[in-house]
Every structure is written in C-alpha cells, then in structure tokens.
Amino acid sequence: MDAISAKWRRKTAGAYETILEGSRQPSDALDTTLQINTGITRPRLLNKQHQGKAIDRFGVEWEKAALYFGDVFHTLLNMPRSRFILIFFFIYIIEYILFALLYLWQPNHCIPHIKHLRIALWFSVQTAATIGYGAPLAPNPECTLVNVIVMFQVITSSLIDYCCMGLVFARFSAPSKRSSSLRFSRCMVLAPHAPSGYWALALRVANMRKHIMIRPEVQILLAKPDNPGQAAFECQELALEGAVSSMANLRLGMAVTMMHVIRPGSPLWNMSIDDLLLQEMEVMVFFEGIDAMTSNSVQARHSYYPNDMRMNERFATLYMMFKGKKLGLDFSEFDATLALGSPEASSMMRRQTFSSLTAAAQQLLQEEQAAAAQRQAAGSRQHWRSTDGAAAAAAESSQHASQDSPRRRRTSQQQAQQQEAKLAGSSRQPGTPAGAGTGIEMHVLGTSHSL
C-alpha cells in the first residue's frame, strides 16, 4: 500500500501544481487538465452515473466470482441491462436445444418425422410453450421415455418462466431507477451569508417527479483521505442551516438550496479551496426518502470535488409560474449561478481560508454599518436643523403679525368711518339742511321708540 500511495502522489503532484499555478478555470477544464497530465481520470467515491454502484474491487477475482455465482439472483438483478437480456435469451435457447437433442435420439416410431435437428427443435419449442402438437409431430403415448422427457421439459420451462418473470419484475420495479429523478445541482456555490456575515457552502436538490417523497432527509459529508491512495477516509458531517424549512419544502415538491454556514468549529473554517484540492477532499451528498406510491426506500447520492465549487457566486432565483390553470415551478434556471464579483477576485479568494475571508467580510460589513450609521446621524441632524429653522420662522412671522395688528385695526376703523360718511351723504336730499335729515331720523326713532 505504501508503494501505491507513493505512485499516486507522483502521478497527481504535477497535475495539482499545473492547476494551482495559473488562473482558476471551470470545473470541466480542470478535470480535463488532470486527465491530460496524469493519464487517469480523477476517481470519485460516489459514482454519479450509476447510483447503485460502489467502487470496484481488485485483487479478489476468484473470491468475487464465487460470491457472484453463489448469489445468482442478485447477480442477475444488478448486472447491466444488455448483459441481462443476452442471458435471458440464452437460457431459453439452451433449454430448447438440450431437449431437442433428447428428442432427436428417440426411436422414429415414438415421435414420427423427427429426422433433423430443426424439426426436433420445433417440437421442443411446442412442448415448452404448450402450443399444441400438430398431426405429423404428435408423440406416441406408448413410448414411456418420451412422455417422461415431455413432462420434465414442461416443468423445467415453467420454473424458468417463473424465475425470469420475477427477475424482470424486480429489475423493472427497482427503486434505484426512482433515485435518478432526484436531482442535484451541477456545482456548489460559495458566497457570504448575509444574516451572519460568514461564508456559506450551498447546493440545490429537488424531486423532479410530481409524486411526493415521505420523510426526506439530506446529509452532507466531507470525506478526507488519511493518505493519498489509501482506503481510509475521515468523514465529517457539515451541519445544515435551516434544515426544518428545507425538509418541509422538499415535502411540498419544491427545489431547495441546502446551505452549510462555515462558522468557527466547521471542518472548513481554517481551509481554502486549494487546501481541499491538495488534500483530495470530496463533498458527498445523500438524499433519502420513501416513495409514496410504492413505499420503497429511495436513496440518491452525489459528490462534488473542489473543482465543482464556484467561489463568490450564488444560485439564480427560481420562480413559480402558471400554465393555464396549473401552478408549477420553473426549473430552467436550476443550475444557473450569478457571479458576485470579478473572476480575478474570485480566483484570489480560492487561495484564502474561510476564516480570513470571514474576517475581511465582517470588517467590510462593520464599515458599511458604520457608514450607514453616520449617514443616518447626518440625516437626523439635518432634519433637526430644518425643523428648528421652520419653528424660528413661524415665531418671527407671528411676532410681526402681533405688532401689525393694532395698526391694522386702526386702518380698518378709519375705512369703516369713511364708508359710513359716504352712505350718509348719499341718503341726504338736495336742498335739505343738514339738521333736517337728522331730525327726521330722530323723529322716526322717537316715534318708533314711543310705539
């Protein structure tokens, strides 16, 4: 094992240096670079193409063959589809040929007209499928051995039919096919978590079928090999933020963004993306649940390498939409991400530990909060200044109004007296003395008074 580990380190060292020297590239380009420099593809602990398969076994070919042939049912159940179909037809063909040879060796009077293998093969097919014998190929009831062979073939054919039908149904109803409808995002994103100020690692999961999942559970593990090439991994669980809400949304059939906030105590706190790459770490995601229709337990698995992590990006928002009278969720932006900064800045961030990134982000957040507080204080001072100015102007205007009020009253009295004089002059008749009018007025007043 030490020799294998040393060989592995020699093969991968040059590829990692090539990756870390230049600017960061997309995930597919990094995988291609590794494959070109080492001549091997980067192994994953979880097989993303085949959900039900684990890593291969080497060095136990004979033991593995004995185990596989000792458990024929699961061997046939888990083998590739093309191989299973080939074996399926091979079993029936072998049965027909073996019994055709037995019929061919019988005397001519037991089964008339069987002189060639093709005729015996046709008789064997008729017997196994219980099609019914025609007149030329009817067996002779007096031949005991032929009757025993026919009976034995009918029983054997029934057993083969039942076994093959069970295998076909088991493969057809296997829950591993259901797990392919549980979708994971192509990449993970790393971005500041606004409420806490820490950085967060996020991915998306969704059930692509409309049929609900009962008791869904999602677990994220960080796998770290003890030494390169050795079959010993240390797995640490990454705590999920808002797990209750996420599981509730999965029960409703929504797409959910699972998030791990990198706080002090997190396995990722004192690490960078480059550290994860150099230590060959892998993030494994397990999505488990129970299918409501079949009550089968379903598990989907996915893995992410550090090359699959996009720095300083977030997932695009998904929206509900109507089609006619149906309410649904638009999955067209399920894997889409939005950059929060320039590619150069994101490339530099991949080399910094999350603790230093968090300290810088919190310092920037404190500066922004302080600037916002200063702006708010300046706005409040300006508000008080404008309020005081308005109050002073109102007091000054009221003072001027109080000073001008006697003058205004005198002016109004003079205007009233002048108006009364004009009215009195207009009511006097021409040629009448000034006192006559007054006397008539007094008389009238006196008369009205006496009355």
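Helices, as the term is used in these legends, are DSSP runs of H or I with at least four residues, strands are DSSP runs of E with at least two, and both are numbered from the N terminus. Every view shows a predicted model.

**View 1. Overview of the chain with its 13 helices and 13 strands.** Of the 451 residues in the chain, 29% are buried. When contacts between residues at least 6 apart in sequence are considered, 68% of them join residues that are at least 24 apart.

**View 2. The annotated transmembrane region, residues 84-105.** The annotation "transmembrane region" comes from an unreviewed UniProt entry and covers residues 84-105.

**View 3. The contact of helix α5 (residues 81-104) with helix α7 (residues 144-172).** The axes of α5 and α7 come within 11 Å and cross at roughly 175°, which makes α5 roughly antiparallel to α7. On the α5 side, the residues that make the contact include Phe84, Phe88, Ile91, Tyr92, Phe99 and Tyr103, while those contributed by α7 include Ile149, Phe152, Ile160, Cys164, Leu167 and Arg171. Taken by class, the residues of this contact divide into 15 nonpolar, 3 polar and 4 charged.

**View 4. Trp122 in helix α6 (residues 117-129).** Trp122 has a relative accessibility of 44% and therefore counts as partly exposed, a class that lies between the cut-offs of under 20% for buried and over 50% for exposed. Although Trp122 and Ala100 are 22 residues apart along the chain, their C-alpha atoms are separated by 7.9 Å.

**View 5. The open sheet of 4 strands in the order β5-β4-β7-β8.** The pairing in this sheet is antiparallel. Because β5 (233-237) and β8 (297-304) stand at the edges and have a single partner strand each, one side of each is left without a neighbour in the sheet. Neighbouring strands are turned against each other by 25° on average, with direction ignored. Helix α9 (residues 243-251) lies across β4 and β7, and its course runs at about 130° to β4.

**View 6. The pairing of strand β4 (residues 213-225) with strand β7 (residues 282-291).** These two strands pair in the antiparallel sense over 9 bridges. Glu217 has Glu288 of β7 as its bridge partner, and Ala223 stands opposite Glu282 in β7. Of the 10 residues of β7, 8 are buried, so this strand is largely enclosed by the rest of the structure.

**View 7. The hairpin of β7 and β8, with 5 residues between the strands.** The antiparallel pairing of β7 with β8 extends over 8 bridges.

Terms used
Residues are numbered from 1 along each chain as its sequence is written. This is a predicted model: local features need pLDDT of at least 70, side-chain atom pairs count only at pLDDT 80 or more; totals for chains, interfaces and linings use all residues. Side-chain values use heavy atoms; hydrogens and water are left out. Two strands pair if DSSP finds at least two bridges between them. Axes are lines fitted to C-alpha atoms, for helices over the stretch in contact, and angles run from 0 to 180 degrees between N-to-C directions. Contact means heavy atoms within 4.5 Å. Angles under 35 degrees count as roughly parallel, over 145 as roughly antiparallel, 65 to 115 as roughly perpendicular and the rest as oblique. Ala, Val, Leu, Ile, Met, Phe, Trp, Tyr, Cys and Pro count as nonpolar, Asp, Glu, Lys and Arg as charged, and the others, Gly among them, as polar. UniProt positions are given in the numbering used here, feature names are shortened, and annotations may be inferred rather than shown by experiment. Buried means under 20% relative accessible area, exposed over 50%, partly exposed in between (1.4 Å probe, protein chains only).
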